[in-house]
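Me: I have a model open and want to go through it with you. Can you start with how the elements are named?

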Amino acid sequence: MKKEDKSALISQLKETISAYGCFYVTDAFGLDAEKTFNLRKNCFKSDVKLMVVKNTLFKKALEELGGDFTPLNDTLKGSTAIMFCNNANAPARLIKEMQKDKANNGKPELKAAYVQECFYVGADQLDALVALKSKEQLLGEIIGMLQSPMQNVLSALQSGGNTIHGVLKTLGERAE
C-alpha cells in the first residue's frame with residue numbers, strides 16, 4: 001500500500017473516530033460470507049458502522065487524535081473489526097445476540113471497547129457493556145425521578161382539596 005493511501009486511510013479513521021462517541025474493537029475472523037453479511041446487516045439496522053481495519057493504521061489514527069489509548073494496544077492484534085456507534089450499548093447487544101447462534105462459534109468476539117471516555121478490555125466485559133445506558137436514557141430516568149415526588153404532592157393536594165371540601169360541607173350541613 002502506498003504511503004499516500006495509508007495517510008488517507010488514517011485521516012478517514014480519525015474523522016470516523018471523532019464523529020462517533022464510542023467504538024468497539026472486535027474479532028470477526030472465521031465468519032463465512034453469509035454470517036458476515038448478516039453481521040453487517042444487523043449493524044446497519046442498529047445504526048452501528050462496521051469497519052475492518054489494519055491494526056497499525058488504527059493505532060496511528062489513535063495516536064494522531066491525541067489522548068491516551070494505550071490500554072487498547074494489546075487488543076490490536078490479529079484480525080480486527082471496529083464497530084463505531086453513538087449509542088453506548090448497541091454493539092454490545094448486537095455481539096451478544098450474534099454469539100447466541102452456535103453456528104457463529106462465538107464470533108464476533110469483543111476484544112475491547114472505548115465508551116464514554118472509559119476502556120473496557122476483554123470479552124468478560126460484554127455483560128457490563130450490555131447493561132450500560134446511554135446519556136439520553138439516564139437523563140430520562142433522572143427527570144422521571146425528579147418529577148415523581150412533585151406529581152405525588154400535586155395529586156395529594158388535588159384529592160385532599162376534594163376531601164376537605166366534603167368534610168366541611170358535611171360539617172356545615174350537620175350544624176343546621
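Reply: Helices (H or I, at least four residues) and strands (E, at least two) are DSSP runs, numbered from the N terminus. This is a predicted model, where local features need pLDDT of at least 70 and side-chain atom pairs count only at pLDDT 80 or more, while totals for chains, interfaces and linings use all residues. Residues are numbered from 1 along each chain as its sequence is written, and side-chain values use heavy atoms, with hydrogens and water left out.

Me: Ok. Which helix is Leu138 in?

Reply: Leu138 belongs to helix H6, which covers residues 135-175. The relative accessible area of Leu138 is 40%, so this residue is partly exposed. The cut-offs are under 20% for buried, over 50% for exposed and partly exposed in between, with a 1.4 Å probe and protein chains only.

Me: What else is on H6? Where does Met145 sit, buried or exposed?

Reply: Met145 is also placed in H6, and it is exposed at 57% relative accessible area. Together with Ile142 and Leu146, Met145 makes a nonpolar surface patch of about 340 Å². Patches take residues with over 30% relative accessible area and no salt bridge; nonpolar side chains (Val, Leu, Ile, Met, Phe, Trp, Tyr) are joined within 5 Å and like charges within 9 Å. The areas come from the Shrake-Rupley method with a 1.4 Å probe, and for residues only the protein chains shown count as cover.

Me: And charged patches? Which residues form the positive one?

Reply: Lys3, Lys6, Lys54 and Lys60 form a positive surface patch. Lys and Arg count as positive and Asp and Glu as negative, with His and the chain ends not counted. A charge is placed at NZ of Lys, CZ of Arg, CG of Asp or CD of Glu. Lys60 lies in helix H3 (residues 55-65) and is partly exposed at 44% relative accessibility.

Me: Switching to salt bridges. What does the count come to?

Reply: Six salt bridges, each defined as a side-chain nitrogen of Lys or Arg within 4 Å of a carboxyl oxygen of Asp or Glu. One of them joins Lys107 to Asp27, with the closest N and O atoms 3.0 Å apart. That pair links distant parts of the chain, 80 residues apart: Lys107 is in the loop between helix H4 (90-100) and strand E4 (109-115), and Asp27 is in strand E1 (residues 22-27).

Me: Are those two buried or exposed?

Reply: Lys107 is buried, at 16% relative accessible area, and Asp27 is buried too, at 14%. Lys107 also forms a salt bridge with Glu109, the closest N and O atoms being 4.0 Å apart. Glu109 is partly exposed, at 33%.

Me: What does Asp32 pair with?

Reply: Lys35, in a salt bridge of 3.6 Å, N to O. Asp32 is partly exposed at 37% relative accessible area.

Me: What happens just after H2?

Reply: Asp47 takes a positive phi of about 60 degrees there. Most residues other than glycine have a negative phi. Asp47 is in the loop between H2 and strand E2 (49-52), and is exposed at 60% relative accessible area.

Me: How far apart in space are Asp47 and Lys111?

Reply: 20 Å, C-alpha to C-alpha, at a sequence separation of 64 residues.
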